[in-house]
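Visitor: I would like to go through this structure residue by residue. Please show it first.

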Amino acid sequence: YITMGGQGSNYVYNNGKIAVTDYITMGDQGTNYVYNNGGMTVGGLKMKSRYAGFGIYCKQYFYNNSNLTVLGDILMEGSESSYLYMNEEDSVLRIGGNILGYNSNSFPNTKGKVIFDGQGKQTVNNFANANIIEIENESYDGVNFTSKVNYTTLFDHKGNRFTGNVSNVDY
């Protein structure tokens, strides 16, 4: 596992391929940055942010510029200062668990592709903006979007089950 926190700014740069069998936890102290430039597989991702008082926010930034596979959940807890960016059009986020964002600003730039491939029901909350969304989850319960989802280019459910508020889907 990787745990980030403490005073000041903390950085993780990945330019190769790494696997973390447990969660990456980005703590509720300091400002933490993860730059994934080479491919990463993680058990899950927890991003905890908070208002520390006196105009100071403890912020969490994850930049996925490559391929990120999250076997479990993406959890964004605390205040509105946790962000997962996908700035590259060939970035891929493959998620096997739930996405529980704090608010719709948690995913401000998603130029790449997001693939939901869980084995059971996946719940997606506050994941508002995406370029391409694919559903490879073949379970009976599929993917449940509990808040509105907008996509720029494509929503491809591949005939798999999904529920919720997704705009302009071609069934």
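Visitor: Which loop holds K158?

Guide: This is a predicted model. In it, K158 has a positive phi of about 55°, although K158 is not a glycine. The residue lies in the loop between β16 and β17 (162–166).

Visitor: Is K158 buried, partly exposed or exposed?

Guide: Buried means under 20% relative accessible area and exposed means over 50%. The relative accessibility of K158 is 44%, so K158 counts as partly exposed.

Visitor: Which parts of the chain does the salt bridge between E134 and K158 tie together?

Guide: The side chains of E134 and K158 meet in a salt bridge, at 3.8 Å from N to O. The two residues are 24 apart in sequence, so the pair ties together strand β15 and the loop between β16 and β17.

Visitor: What is the N to O value for the salt bridge of E134 with K113?

Guide: E134 is buried, with a relative accessible area of 9%, whereas K113 is partly exposed at 25%. Their side chains also meet in a salt bridge, and its N to O value is 3.4 Å.

Visitor: Which strands does the pair E134 and K113 link?

Guide: The two residues are 21 apart, and the pair links distant parts of the chain. E134 is in strand β15 (residues 129–135) and K113 is in strand β13.

Visitor: How many salt bridges does a search of the whole structure find, and which residues are linked in a network?

Guide: The search of the whole structure finds 4 salt bridges. The residues linked in a network of salt bridges are R94, D117 and E136.

Visitor: How far apart in sequence are the parts that R94 and D117 tie together?

Guide: R94 forms a salt bridge with D117, with the closest N and O atoms 3.1 Å apart. R94 lies in strand β11 (residues 92–95) and D117 in the loop between β13 and β14 (122–125), so the parts tied together are separated in sequence by 23 residues.

Visitor: Which residues touch the most other members of the largest nonpolar core?

Guide: This core has 35 residues. Its largest share, 5 residues, comes from strand β16 (residues 143–156). The residues that touch the most other members are F62, F116 and F145.

Visitor: Which residues does F62 contact beyond its neighbours within four places in sequence?

Guide: The contacts include I24, M26, V34, N36, M40 and L45. Also among them are M47, L68, Y83, L84 and Y85.

Visitor: Is F107 buried or exposed?

Guide: F107 is found in the loop between β12 (99–100) and β13 (113–116). Leaving out residues up to four places away in sequence, F107 touches M76, L84, I99, G101, N126, F127 and N129. With a relative accessible area of 0%, F107 is buried.

Visitor: What separates the C-alpha atoms of F107 and L84?

Guide: The two residues are 23 residues apart along the chain. Their C-alpha atoms are separated by 5.2 Å.

Visitor: Which residue does the side chain of Q60 join through a polar contact?

Guide: Q60 lies in strand β7 (residues 60–64) and counts as buried at 0% relative accessibility. Its side chain makes a polar contact of 2.8 Å, and the partner is the side chain of N32.

Key
Residues are numbered from 1 along each chain as its sequence is written. This is a predicted model: local features need pLDDT of at least 70, side-chain atom pairs count only at pLDDT 80 or more; totals for chains, interfaces and linings use all residues. Side-chain values use heavy atoms; hydrogens and water are left out. Helices (H or I, at least four residues) and strands (E, at least two) are DSSP runs, numbered from the N terminus. Buried means under 20% relative accessible area, exposed over 50%, partly exposed in between (1.4 Å probe, protein chains only). Contact means heavy atoms within 4.5 Å. A polar contact is a pair of N or O atoms within 3.5 Å; within protein, one must be able to donate a hydrogen and the other to accept it, and residues adjacent in sequence count only if both atoms are side-chain atoms. A nonpolar core is a set of buried Ala, Val, Leu, Ile, Met, Phe, Trp, Tyr and Cys residues joined through side-chain atoms within 4.5 Å.
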